[in-house]
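Hello,

Here is the structure I promised to pass on to you. Have a look at it first, and then read my notes below.

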Amino acid sequence: MKPNDMIRWLLITAAVVFVAELLISGTGVLIGIGIGIFFIYLGKRRLSNGKRPVMFWIGIVIVAFSLLQSFAFYLVLTAGIIYYFSKIHDSAANKPQTYQPSFDQAASEEQVFEQKSLFQNSWFGAQSAGSGVYEWQDTNIQSFIGDTIIDLNYTVLPKEEAVLMVRKVLGNVRIIVPYDIEVDVHHSVVYGSVTIFDHREQNCWSKVIHLRTKGYQQSSQRIKIVTSVVAGKLEVVRV
């Protein structure tokens, strides 16, 4: 069975199991998740006011314990792991092998400099860039659960192709693009919805979408956006 077929059946089975759990065991899991999300919401509000995010982490723990009680969660997690490693395998399979001649070590050494990343990988929680002016760096991030919001109106893209890569298991991705920037979007999703400017698709199942604005090849300022989401929504909008 192909990985995409296996993921599809795992998610369908997870949905059936989750409904069965609700019918047999009641709505305890949903109530726990709801209480956890409420605590996360209150914690985020307190965090924005400069207070300690105690309630936020309490909410994370409640949601995590509620999910761990559901067998459907383990099926979704398994689907996410299969998807992640299948993408790594596909990338490795498509990458051409290169052979480099061996030279004297002193002659082949190159100086490299560490660049500050715009984001860091995270397991839980929302990530955002764009509440204030920031310096652009090509970005490649991964997260497990949470939303990612990137507003490109608050940065200056280079006079060449910029690259933005986002991979996550559960959560939404929202990218705000200035009107004068051309865009190439390559999106892979197991289940979710997609809004890329005027292009909208709902309830996508195991789909790959590649869209590009008309003047992308000719523009000096352009950005390539590559996103992978197991379950969630992608929005690329101009504001």
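A nonpolar core is a set of buried Ala, Val, Leu, Ile, Met, Phe, Trp, Tyr and Cys residues joined through side-chain atoms within 4.5 Å. Buried means under 20% relative accessible area, exposed over 50%, and partly exposed in between, with a 1.4 Å probe and protein chains only.

Please keep in mind that this is a predicted model: local features need pLDDT of at least 70, side-chain atom pairs count only at pLDDT 80 or more, and totals for chains, interfaces and linings use all residues. Residues are numbered from 1 along each chain as its sequence is written, and side-chain values use heavy atoms, with hydrogens and water left out.

Let's start with the cores. The largest nonpolar core has 25 residues, and Trp136, Leu152, Leu164, Ile175, Ile223, Ile225 and Val236 have the most contacts inside it. At least two residues of this core come from each of strand 4, strand 5, strand 6, strand 7 (199–212) and strand 8. Helices (H or I, at least four residues) and strands (E, at least two) are DSSP runs, numbered from the N terminus. A second, separate core of 14 residues includes Ile7, Leu10, Leu11 and Val190.

Now for strand 8 (residues 222–238). Twelve of its 17 residues are buried, so strand 8 is largely enclosed by the rest of the structure. Two strands pair if DSSP finds at least two bridges between them. Strand 8 runs parallel to strand 4 (residues 161–170), with nine bridges joining them, and Glu161 stands opposite Arg222. Strand 8 also pairs in the parallel sense with strand 6 (residues 182–196), over 14 bridges; there, His186 has Val226 as its bridge partner. Five bridges link strand 8 to strand 5 (residues 173–177), again in the parallel sense, and Ile176 stands opposite Val237.

Next, have a look at strand 7, where you will find Asn203. Its phi is near 50°, a positive value in a residue other than glycine. Asn203 counts as exposed because its relative accessibility is 51%. Ser206 is in strand 7 too, and its phi, near 45°, is also positive in a residue other than glycine. Ser206 is partly exposed, with a relative accessible area of 26%.

Enjoy exploring the model!

Best wishes
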